[in-house]
Amino acid sequence: MAVAATAAVVPAPGEHTFREALGRFTTGVAFVTAAPDGKPAGLIVNSLASVSLDPPLVSFCPSRGSLTWSRIRRTGRFGVNVLGSRHERFARRATPAGADRFADLDWELGRSGVPLLTDALAGLECEIVAEHPAGDHWIVVGRVDELRVAPAADPLVFFAGEFGVLPSGRRRRRARPARAPAGRSD
Ligand SMILES: Cc1cc2nc3c(=O)[nH]c(=O)nc-3n(C[C@H](O)[C@H](O)[C@H](O)COP(=O)(O)O)c2cc1C
């Protein structure tokens with residue numbers, strides 16, 4: 001099969017080119033939370049992934065150097081807040097190490113005791129079931145015990161190192177499939 005030669009081919013992935021290549025993969029943005037010692041803690045991530053339907057599992061990848069993850073993991077649980085375009089300022093403010101990530105934030109404790117934003121697009125409550133070392137990060141797997149889904153709203157996305165939103169109208173056009181999917185859609 002002929003492949004159009006439009007992309008530069010780089011043999012060894014240095015950190016910069018690796019980041020650049022993976023930056024071409026558009027993701028959503030989530031706020032992973034817990035309340036170690038009764039105090040809310042959380043970090044912004046874009047490594048959230050759906051892993052399994054039965055049982056319902058998700059994963060995300062905290063850095064080995066993350067102080068916040070070292071506190072969250074002690075609780076054995078974490079919450080996932082899927083962020084919308086309305087959370088862009090919050091996400092920017094909450095990213096730096098040492099930021100007060102819950103200042104001026106509207107949140108409550110979920111049934112399992114993890115902090116959940118009241119206006120997230122979706123909120124998951126997870127039990128940590130595995131934590132695998134993976135280079136300079138961990139792969140954390142959580143079983144979803146509780147979840148809440150808000151009415152559809154514009155998501156916050158991350159692409160090429162920048163926050164962004166979907167082009168206007170894109171979400172509404174994609175909301176209803178034109179025909180039933182023939183097989184698994186995951
Ligand atoms: C869009 C975006 C995605 C991020 N994704 C991750 C991630 O998947 N894993 C991670 O450890 N840090 C991620 N970070 C960085 C963390 O949000 C945070 O800044 C970092 O963990 C330092 O804070 P800490 O020491 O309190 O953990 C991301 C930051 C941004 C802006």
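Predicted model: local features only at pLDDT ≥ 70, side-chain atom pairs only at ≥ 80, totals over all residues.

Mentor: By class, the shell around the ligand holds 11 nonpolar residues, 6 polar residues and no charged residues. The shell counts 17 residues, and the ones that come nearest to the ligand are Val45, Ser47, Ser63, Ser66 and Thr68. Two elements, β3 (41-45) and α2 (67-72), each supply at least two residues of that shell.

Pro62 lies in the loop between β5 and α2. Pro62 counts as buried because 21 other C-beta atoms lie within 10 Å, where the cut-off for burial is 20 or more. Its C-alpha is 7.8 Å from that of Val45, although 17 residues separate Pro62 and Val45 in sequence. Neighbours within four places in sequence left aside, Pro62 is in contact with Leu43, Trp69, His137, Trp138 and Val140.

From the shell one passes to the core. The largest nonpolar core has 30 residues, and the members that touch the most others are Ala30, Val32, Phe78, Val80 and Leu83. Two or more core residues come from each of β2 (30-34), β3, β5 (57-60), α2, β6 (77-82), β8 (115-117), β9 (122-134) and β10 (137-149). In soluble globular proteins, nonpolar side chains tend to be buried together. Val32 shows the packing in detail: residues up to four places away in sequence not counted, Val32 touches Gly42, Leu43, Val45, Phe60, Phe78, Gly79 and Val80. One of these, Val45, is also among the residues that come nearest to the ligand.

Strands of a sheet pair through backbone hydrogen bonds, either parallel or antiparallel. β6 and β9 run antiparallel and are joined by 6 bridges, with Arg77 opposite Glu127 in β9. β9 also pairs with β10 in the antiparallel sense, over 12 bridges, and here Ala130 stands opposite Val141 in β10. The hairpin of β9 and β10 has 2 residues between the strands, and Gly135 takes a positive phi near 60 degrees there.

A separate item is an open sheet of 3 strands in the order β1-β11-β12, with antiparallel pairing. Its edge strands, β1 (27-28) and β12 (162-164), each pair on one side only. Between β11 (residues 157-159) and β12 there are 3 bridges in the antiparallel sense, and Phe158 stands opposite Phe163 in β12.

The loops hold some backbone exceptions. Most residues other than glycine have a negative phi, and most peptide bonds are trans. Ala160, in the loop between β11 and β12, is not a glycine but has a positive phi of about 50 degrees. Ala160 counts as exposed because it has 11 C-beta neighbours inside 10 Å, the cut-off being 12 or fewer. Asp37, in the loop between β2 and β3, likewise is not a glycine and has a positive phi of about 55 degrees. With 8 C-beta neighbours inside 10 Å, Asp37 counts as exposed too. The bond between Asp54 and Pro55 is a cis peptide bond, with omega about 0 degrees, and Pro55 is found in the loop between β4 (49-52) and β5.

For the chain as a whole, the secondary structure comes to 4 helices and 12 strands. Of the 186 residues, 25% are buried. Among contacts between residues at least 6 apart in sequence, 64% join residues at least 24 apart. As to confidence, the mean pLDDT of the protein chain is 90, and 84% of its residues reach 70 or more. Residues 177-184 have a pLDDT below 50, and beyond near neighbours in sequence this stretch has 0 contacts in the model.

Technical notes: Residues numbered from 1 in each chain as written. Contact = placed C-beta atoms within 7 Å. Near = placed C-beta within 6 Å. Nonpolar A, V, L, I, M, F, W, Y, C, P; charged D, E, K, R; others polar. Core = buried A, V, L, I, M, F, W, Y, C linked by C-beta atoms within 7 Å. Pairing = 2+ DSSP bridges. pLDDT = per-residue confidence, 0-100.
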